[in-house]
Amino acid sequence: MFRMKYLLFNNSQRIIPQVKHLSVLYHSNIKLNVSKCSTKLLWTVQSRHLCNIRVIDKQSSYINHRGNKPLREQTIGKLLEEAVEKWPNNECIVSDHQNIRLTYSEVLRRVDKLAAGLKKLGLKKEDRIGIFGPNDIEWFITFLAATRLGLITVALNSAYQQDELIYCLNKVGVKAIVSAVQYKKNNYTEIILGAKKSCPNLEHVIIWSEDHVTGTRRWLDVEFLASKIEVEAVSAEQGNVSPYDACNVQFTSGTTGKPKAALLSHRSLVNNIERGMIRAEIKPGYKSCLNVPFFHAFGLLFGQINTLVSGCTLILESRSFNPVKSIQVLAKEKCDITYGTPTMWINMIDVQQQLRLPIRPHLGVIGGSPISAEVFRRIKDVLGISNMKTIYGLTEFTGVSFQSLPGEDRHLTENTVGHVSDDVEAMVVDSDGKPVPFGVPGELWIRGYGAMICYYNDPENTKKSFSEDGWYKTGDQFVLHSNGYGQVVGRLKDMIIRGGENIFPKEIEDFLLSHPSIAEVHCVGAYDAVYGEEICACIRLFEGKSLTKEELQTYCKGKIAHFKIPKYIVFVDKYPKTMSGKIQKGKLREELESKGIIPSTPK
């Protein structure tokens, strides 16, 4: 099916594959048996014509960073078995807020019991199972049980409201959902049971709660549903799950304003975090304080799967990020590592300056959005962490595609997003898709084993996201240097990054337009010292209508996630436009900054 040959240009020793009959499954899923997969599940491999030859010289922004370690042909379920063989009695996970501690052996026993229970409910390989809730130990066990059974987990943002949940459940045809009963102001059972009326594929609602909830099953009851023989069969059937099988759906917003469902394989997840763990220098026996949510790729990789690969102990400090709890648990458990987005690190610095607890982490990993060199210095001075690692990646490429190297110069850590990851190709191109010279900004394209299988049941957007020869188009304005390090200098899209959450303006704009007083709305990002960016909504009202900022924010509550509610609301009569009538969002933001309506971005 695939024929590959390599071309050598300008005596550069740099090769670019020329591929015939290439699909977007390039690198990561070449062995996938598409004929056995549901047409609704995967975008069928499409034949390609011989791709155009890319002339790459020594000065072009292209790097193929080959690693020293072969790619693993491994499922996450088998990875758990290996971890149990290596560290059976070591602590695997500690949930401080639930007062639960489990060894690797205990995790495997509970995982297989739950997997057998899910199977007895009628769930089978490739069925989609949603997980909706905060960082409780049930999230961790449910994810692993699903991987052992060959199910596809659907990670759902714990802040979703009912309409958002309905969209996601129907987008991928979720058959079962596992959820907490309640978290903060969200009554999950009410939200799910309300959504179920509009979700024809949803058959099972499983709640982790001691109490019975009408219309649902208790998670504990499902865990004890199967017989001993049925539980033992889970291990015996691991050969039925392939590393190339779909494993996880991560929702990521798109230009349509609605989240797209990136479908990831066991193989891409296992190899991505193994390479990430090696570069981060995480070792068996280390204790890691998570902070980031399980539903995010950051938490999935460095929380769930890294624990199985590295042999470290995962500490859940609280149900969701709480800087006071994080600092307290860092001290209580004597954690070696902690993770977080820039916003989380800023919050932890503020808390530690007040509490001054005896913490001892010597390693930190930061990602999600850019961070200043000043914050790195404060991390070292206040938290005492001298070995910080930066990561950069995208959901569609499984997570990490640039990362700090061990022992690198501090200047590189503080001023770049890291070095190209092992077994990843990176190229920066101009608007015509031609490589630019090193050091020149352009759009970052990446290629390698980490590429998603597809956007679930969305061939049009899948096709748009990849070049004919398999490059994933990140949409990020980027500078690649000849030493392999990269810098994000902007975004080609209008995406707003608030505290590590990617927010696309059109989704917010579409929702705000549902208000009867709003005629037109355009959202831009406003600089924020803590969250990186906040949302500013510029609103034009219908003639004769009135609306206040407070009234609109109240209207948003309970209908969209809290982080999507605009902080700044400005009422305008007109917008800056191009001659063709397009809104100039960059100019709009500049006008708002110049008038002092929103904070100015530091120079």
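Analyst: A pocket is an open set of points on a 1 Å grid over the protein atoms alone, with protein on both sides within 12 Å along at least five of seven lines. A volume is the space filled by probe spheres set on the points, which are joined across faces, edges and corners. In the second largest pocket of this structure, that space is about 1,100 Å³. The model is predicted: local features need pLDDT of at least 70, side-chain atom pairs count only at pLDDT 80 or more, and totals for chains, interfaces and linings use all residues. Residues are numbered from 1 along each chain as its sequence is written, and side-chain values use heavy atoms, with hydrogens and water left out.

User: Why is the aromatic pair of W139 and F294 called tilted?

Analyst: Rings pair if their centres lie within 6.5 Å, and planes under 30 degrees apart count as stacked, over 60 as edge-to-face and the rest as tilted. W139 and F294 are 5.4 Å apart, centre to centre, with 35 degrees between the planes, so the pair counts as tilted. W139 is in helix α3 (residues 137-149) and F294 in the loop between β13 (287-289) and α9 (297-310), so the pair ties together parts 155 residues apart in sequence.

User: Why are W139 and F294 called buried?

Analyst: Buried means under 20% relative accessible area, exposed over 50%, and partly exposed in between (1.4 Å probe, protein chains only). W139 has 1% and F294 has 0%, so both count as buried. F140 also forms a tilted pair with F294, at 6.3 Å and 40 degrees. One aromatic cluster holds W139, F140, F143 and F294.

User: What makes K559 a charge over the ring of Y555?

Analyst: NZ of Lys or CZ of Arg must be within 6 Å of the ring centre and within 35 degrees of the ring normal. The charged end of K559 is 4.6 Å from the centre of the Y555 ring. R275 lies over the face of Y449, at 5.7 Å from the ring centre.

User: Why is D96 called partly exposed?

Analyst: The relative accessible area of D96 is 21%, which lies between 20% and 50%, so D96 counts as partly exposed. D96 is in the loop between β4 (91-95) and β5 (100-103).

Conventions: Rings of Phe, Tyr and Trp (its six-membered ring) pair if their centres lie within 6.5 Å; planes under 30 degrees apart count as stacked, over 60 as edge-to-face and the rest as tilted. Helices (H or I, at least four residues) and strands (E, at least two) are DSSP runs, numbered from the N terminus. On a 1 Å grid over the protein atoms alone, a cavity is a set of points where a 1.4 Å probe fits but cannot get out, and a pocket is an open set with protein on both sides within 12 Å along at least five of seven lines; lining residues have an atom within 4 Å of a point.
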